[in-house]
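I'm opening my notebook on this one and writing down what I look up as I go.

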Protein chains: 2
Amino acid sequence: MMAKLPEKTVERLSQYRRTLLNLMQQGRTHVYSHELGHMHNYTAVQVRRDLMFIRYSGAQRKGYDVADLARYIGTVLDSETGLNLAVVGMGNLGRAITAYFSGKRPKLNLVAAFDVDPAKTDRVIAGVYCYPMRQLRQIISEKDISIAMITVPVDHAIEVTNELVLAGIKGILNFTTVPVTVPPHVYLEEYDMITSIEKVAYFVTSMQKQD
Amino acid sequence: MMAKLPEKTVERLSQYRRTLLNLMQQGRTHVYSHELGHMHNYTAVQVRRDLMFIRYSGAQRKGYDVADLARYIGTVLDSETGLNLAVVGMGNLGRAITAYFSGKRPKLNLVAAFDVDPAKTDRVIAGVYCYPMRQLRQIISEKDISIAMITVPVDHAIEVTNELVLAGIKGILNFTTVPVTVPPHVYLEEYDMITSIEKVAYFVTSMQKQD
């Protein structure tokens, strides 16, 4: 079994696979490391190092086999049996994530949504059944949900996180602007869109200063 | 003037500032490097290295002054005069981003939205005026918009990117799953939520294997 990969390696592998799947749809069969790197602003050396790290040895004179490499990355990243996911909070962001996510990765099944608003609960929204928050623990247990994506209003982020931990969730992706804390056995990823936008703004400003 | 910072440093500085602003709201006046690091899963050494890198020398026995450090990071990250932003595509994600973003950073002004759907255009949505796509060039020029966030359906991502480049945009944040390309004078950041979710899934699976 492979040792646990560093976070940044996992991120890059996920990005490579996304691009490989796109290339497959375009009918491409092979890709060079420098092409794959260029599409994500990484060097060819970085790509080759990542693939050596996961012991992929499929480089040929015409580059990597796109389908084979996508499949191989899947064996590294994906759970064999698949994982069940839930979205907590079905506002605009929750619905956008649900629509965006649906069917993109066969090993990640979005099986439930939760909200407090009776206008949103007990029906299907964006393709997923939305349960009332009071059923959180029961549904997480019954449906063996291991990952939750939080898109609730900021005032509820911490309380919802705590409820998810008590319900036995194993991983949380927090889309709110409020940092939350979890016990060591739960994996937490915070994603704040402000950081991406500030990054673009910083480099735009830098380029303008150079003019 | 400071040399251009590496991308990862900019990301971390943005994250530190977000947390500092949250701490300020909670009434905290000082924070230690190990606390600030811990909140983002970085080491204290990393935090101190980043702040030395931007020549911040405000460490005291009781830690950094929260307000002073937040302000200092602002002088590094923000444009002095501020930048104008637009959202292209006012579906669920566009509306979520608009609502999420509004008023969070005084130097980044979301001044316009664009959509092709007549039901969404020529009115205010989530606090921002939504123009028809055919006015893209005119409004970007008139309102001096330098950054665009793309949340259009995948089939339109490339076409919209090309139109934005022709309209003179300087930075693009692409939220669609389709990678786009831009000329070297435009800064591009691709953000695919799938990567964040796959990262959580990978580490949840790793932890289960250890059990």
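Predicted model: local features only at pLDDT ≥ 70, side-chain atom pairs only at ≥ 80, totals over all residues.

**Entry 1**

Ala126(A) sits in the loop between strand S5 (123-125) and strand S6 (128-132) of chain A. Its phi is near 50°, a positive value in a residue other than glycine. I flagged that because most residues other than glycine have a negative phi.

**Entry 2: another one, in chain B**

Arg55(B) also went on my list, with a positive phi near 60°, and it is not a glycine. I found Arg55(B) in the loop between H3 and S2 of chain B. Is Arg55(B) buried or exposed? Its relative accessible area is 59%, so it is exposed, the cut-off for that being over 50%.

**Entry 3: helix H5 of chain B**

Next I looked at how enclosed this helix is. In helix H5 (residues 92-101) of chain B, seven of the ten residues are buried, so the rest of the structure largely encloses it. I wrote down the buried ones: Leu93(B), Gly94(B), Ala96(B), Ile97(B), Thr98(B), Tyr100(B) and Phe101(B). After H5(B) comes Gly103(B), with a positive phi near 80°.

**Entry 4: aromatic rings**

In chain A, Tyr191(A) lies in the loop between strand S9 (187-190) and helix H8 (193-210), and Tyr191(B) lies in the loop between strand S9 (187-190) and helix H8 (193-210) of chain B, so the pair joins two chains. Tyr191(A) is buried, with a relative accessible area of 11%. Tyr191(B) is buried too, at 9%.

My other pick was Tyr56(B) with Tyr72(B). Why does this pair count as tilted? The centres are 5.0 Å apart and the planes are at 55°, so it is tilted; over 60 would have made it edge-to-face. Tyr56(B) is in the loop between helix H3 (44-53) and strand S2 (64-65) of chain B, while Tyr72(B) is in helix H4 (residues 66-77) of chain B. The two are 16 residues apart, and the pair links distant parts of the chain. Tyr56(B) and Tyr72(B) are both buried.

Back to the tyrosines that join the chains: ring pairs link Phe175(A), Tyr191(A), Phe175(B) and Tyr191(B) into a cluster.

**Entry 5: charges over rings**

I also checked for charges sitting over rings. Arg12(A) lies over the face of Tyr42(A), 5.9 Å from the ring centre. In chain B, the charged end of Arg12(B) sits over the ring of Tyr42(B), 5.9 Å from its centre.

**Entry 6: where the chains meet**

Now the interface. I noted 67 residues of chain A in contact with 67 residues of chain B. About 6500 Å² is buried between chain A and chain B, and carbon and sulfur atoms give 67% of that. On the chain A side, Tyr100(A), Lys199(A) and Tyr202(A) lose the most area to chain B, together 12% of what that side buries.

Across this interface I have ten salt bridges. One of my look-ups was Glu11(B) with Lys199(A), whose side chains meet in a salt bridge at 2.6 Å, N to O. There are also 16 residue pairs in polar contact across the interface. Several elements of chain A each supply at least two residues of the side that touches chain B, including helix H1 (7-25), helix H4 (66-77) and strand S3 (83-88). Which element gives the largest share of that side? That is H8(A), with 18 residues.

**Entry 7: one lysine up close**

I finished with Lys199(B), in helix H8 of chain B. Lys199(B) has a relative accessible area of 4%, so it is buried. Who does Lys199(B) touch? Leaving out residues up to four places away in sequence, I listed Glu7(A), Val10(A), Glu11(A), Tyr187(A) and Glu189(A). With Glu189(A), the side chain of Lys199(B) makes a polar contact, side chain to side chain, at 3.2 Å.

Note on methods
Residues numbered from 1 in each chain as written. Chains lettered and ligands numbered in written order. Heavy atoms only, no water. Helix = DSSP H or I, 4+ residues; strand = E, 2+ residues; numbered from the N terminus. Buried < 20%, exposed > 50% of the residue type's maximum accessible area, 1.4 Å probe, protein only. Phe/Tyr/Trp six-rings, centres within 6.5 Å; stacked < 30°, edge-to-face > 60°. Lys NZ or Arg CZ within 6 Å of the ring centre and 35° of its normal. Contact = heavy atoms within 4.5 Å. Buried area = accessible area lost by both parts, 1.4 Å probe. Salt bridge = Lys/Arg side-chain N within 4 Å of Asp/Glu carboxyl O. Polar contact = N/O pair within 3.5 Å; in protein donor to acceptor, adjacent residues only side chain to side chain.
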